[in-house]
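Thank you all for coming. I would like to walk through one model this morning, and I will ask you to keep the structure in view while I talk.

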Amino acid sequence: METLLMWDIDGTLLRNKGAGRRAMNRAFEQMMGDAGCRDAFDHIQMAGGLDLHFIHEVFAEQGVDRSRLEEYLSLYYAHLKEEVGDGQSILMPNVRNMLERARRTDSLYNALGTGNLELGARIKLDLFDLNSYFPVGGFCYGLVERYQVLQDGVERARKHYAVDFAPERVIIIGDTVRDIEAARKIGAKVIAVATGGNSYEMLEAAKPDLLLADLTDEERFFALCE
Ligand SMILES: [Mg+2]
């Protein structure tokens with residue numbers, strides 16, 4: 001059966017040790033031209049969340065008008081490129097093998113399912129040359145919920161691959177309870193990996209279809225995709 005694999009990025013495919021947060025902080029400080037605005041994003045709980053929610057929360061706290069979003073985003077992308085290139089980003093174990101194996105398997109299709117804005121996602125993946133695995137995906141496209149990002153990604157993948165994936169043939173791969181909850185809302189299966197935002201025990205309590213310590217357990221992973 002044709003199956004869509006929708007991969008989360010942060011904590012699942014890679015970790016960049018706070019590069020996204022640092023880039024958001026630096027962009028905000030630069031836009032405001034005020035060192036007093038330093039570290040404005042430090043208190044935001046990011047794991048499993050959506051970029052635009054973080055930005056709108058800080059804008060609201062600091063009294064910044066939403067009309068400055070585009071200005072902010074162009075600064076953010078520039079800082080993100082610098083921050084992810086600082087040598088601290090790491091690819092999670094076995095990620096490239098997994099993506100390659102999925103791409104080689106006729107019945108499997110790769111897509112992204114991430115709370116990142118698309119350009120930010122592409123910048124993070126480009127560092128490891130992973131963009132070619134993901135011709136399509138669901139990204140943060142507005143002040144929406146995570147399940148809507150996944151829903152949007154499934155729709156885009158149906159069009160891109162010209163395959164009408166059934167909801168139960170969509171598998172979300174993520175590192176947080178938020179990924180698991182969003183997957184359930186769209187009727188998808190979910191593989192949780194304990195390499196990121198939440199502990200193994202927290203993920204276990206949220207009852208994913210499969211829980212892995214990391215992505216080295218290829219056999220159990222691909223058994224669920226059959
Ligand atoms: Mg994540």
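Let me begin with a term: when I call a residue buried, I mean that its relative accessible area is under 20%, computed with a 1.4 Å probe on protein chains only. Please also keep in mind that this is a predicted model.

With that term in hand, consider helix α7, where the buried residues are V177, D179, I180, A182 and A183. These buried residues of α7 pack against α6, which spans 146-161, against the strands β6 and β7, the latter at 189-193, and against α8 at 200-205. Just after α7 comes G187, which takes a positive phi of about 75°.

Which residues are the protein donors of the magnesium ion? They are D8 and D175, each through OD, and D10 through O, and they lie 2.1 to 2.2 Å from the ion. Along the sequence, the spacing of these donor residues reads D-x1-D-x164-D. D8 sits in the loop between β1 (3-7) and β2 (14-15), while D175 sits in the loop between β6 (170-174) and α7 (177-185), so this pair ties together parts of the chain that are 167 residues apart in sequence. Both D8 and D175 are buried.

Let me turn now to the helices. The axes of α1, residues 19-32, and α2, residues 51-62, come within 12 Å of each other and cross at roughly 35°, and the crossing is right-handed. On the α1 side the contact is made by M24, F28 and M31, and on the α2 side by D51, F54, I55, V58, F59 and Q62. Sorted by class, this contact of α1 with α2 has 7 nonpolar residues, 1 polar and 1 charged.

How many residues does the largest nonpolar core have? It has 31, and those with the most contacts inside it are M24, F28, F41, I55, Y72, L73 and Y76.

I will finish with A19, which lies in helix α1. Is A19 buried or exposed? A19 is buried, because its relative accessible area is 0%. If we leave aside its neighbours within four places in sequence, A19 is in contact with L80, E83 and V84. By contrast, the C-alpha atoms of A19 and Q148, which are 129 residues apart along the chain, are separated by 25 Å.

How values were computed: Residues are numbered from 1 along each chain as its sequence is written. This is a predicted model: local features need pLDDT of at least 70, side-chain atom pairs count only at pLDDT 80 or more; totals for chains, interfaces and linings use all residues. Side-chain values use heavy atoms; hydrogens and water are left out. Axes are lines fitted to C-alpha atoms, for helices over the stretch in contact, and angles run from 0 to 180 degrees between N-to-C directions. Helices (H or I, at least four residues) and strands (E, at least two) are DSSP runs, numbered from the N terminus. A crossing is left-handed if the near helix is turned anticlockwise from the far one by less than a right angle, and right-handed if clockwise. Contact means heavy atoms within 4.5 Å. Ala, Val, Leu, Ile, Met, Phe, Trp, Tyr, Cys and Pro count as nonpolar, Asp, Glu, Lys and Arg as charged, and the others, Gly among them, as polar. Donors are N, O and S atoms within 2.8 Å of the metal (3.2 Å for Na, K and Ca); water is not among the atoms, so sites may look incomplete. Buried means under 20% relative accessible area, exposed over 50%, partly exposed in between (1.4 Å probe, protein chains only). A nonpolar core is a set of buried Ala, Val, Leu, Ile, Met, Phe, Trp, Tyr and Cys residues joined through side-chain atoms within 4.5 Å.
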